[in-house]
Amino acid sequence: MTGEEKSTWNSARSQRRSIYYGGAIVAFIALFTGGWFFVASKVDTAVSSVIKDVNDNGVALTCEDQQTVGFPFRMGVSCNSVTLRDAANGVSLSTGALRTAAQIYAPNHIISELKAPIRLETAQLFPVEFNFQSLLASLRTTENRPRRITIEGKNL
């Protein structure tokens with residue numbers, strides 16, 4: 001093989017490698033994106049199922065504008081407001097926006113943020129309202145049990 005033939009062969013080999021590597025990267029990104037949206041739909045269905053189960057037990061729970069958010073490296077649930085009403089016990093609780101997130105690479109660490117106000121009404125007591133800038137919570141779990149919970153309030 002002459003020097004010119006060797007150079008042409010190496011050039012074609014280099015081009016093939018670039019195409020293979022580029023194709024592998026594109027395939028990985030496509031699979032990751034599809035997987036994220038598949039899992040997000042499962043999370044959305046699970047949250048909706050929990051809300052339905054609570055509502056079937058005589059309690060009205062709503063998550064206004066529920067969305068699964070966080071693409072590409074986080075996954076969480078977002079609601080513009082959360083309302084819980086238990087007519088049988090005369091209890092009503094409403095809050096501002098709720099945002100949750102867990103990192104894809106650390107799903108056992110969940111961060112939640114709740115916006116004010118929180119309004120609590122009961123048949124026995126007068127209505128109570130809690131105002132703050134934000135309420136942050138960090139939950140770490142092990143084997144489906146809470147291991148550590150941290151709560152931080154801003155401008156309580």
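**View 1. Pro 72 lies in the loop between strand E2 (67–69) and strand E3.** Strands (E, at least two residues) and helices (H or I, at least four) are DSSP runs, numbered from the N terminus. Phe 71 and Pro 72 are joined by a cis peptide bond, with omega about 10°. This is a predicted model, in which local features need pLDDT of at least 70, side-chain atom pairs count only at pLDDT 80 or more, and totals for chains, interfaces and linings use all residues. Residues are numbered from 1 along each chain as its sequence is written, and side-chain values use heavy atoms, with hydrogens and water left out.

**View 2. A cis peptide bond joins Ala 116 and Pro 117.** Its omega is about -5°. Pro 117 sits in the loop between strand E7 (106–114) and strand E8 (118–122). Most peptide bonds are trans, and most residues other than glycine have a negative phi.

View 3. Asp 65 counts as partly exposed because its relative accessibility is 41%; buried means under 20% relative accessible area, exposed over 50%, and partly exposed in between (1.4 Å probe, protein chains only).

**View 4. Asn 155 is in the segment after strand E11 (145–154).** Asn 155 is not a glycine, yet its phi is positive, near 50°. With a relative accessible area of 60%, Asn 155 is exposed.

**View 5. The largest nonpolar core has six residues.** They are Ile 51, Leu 61, Cys 63, Val 77, Cys 79 and Val 82. A nonpolar core is a set of buried Ala, Val, Leu, Ile, Met, Phe, Trp, Tyr and Cys residues joined through side-chain atoms within 4.5 Å. Strand E1 (60–64) and strand E3 (74–79) are the elements that give two or more residues to this core. Apart from neighbours within four places in sequence, Cys 63 is in contact (heavy atoms within 4.5 Å) with Ile 51, Ser 78, Cys 79 and Ser 81.

**View 6. Arg 99 belongs to strand E6 (residues 98–103).** Arg 99 has 34% relative accessibility and so counts as partly exposed. Setting aside neighbours within four places in sequence, its contacts are Val 77, Ser 78, Cys 79, Asn 80, Ile 111, Ser 112 and Glu 113. The C-alpha atoms of Arg 99 and Ile 151 are separated by 14 Å, and the two residues are 52 apart along the chain.
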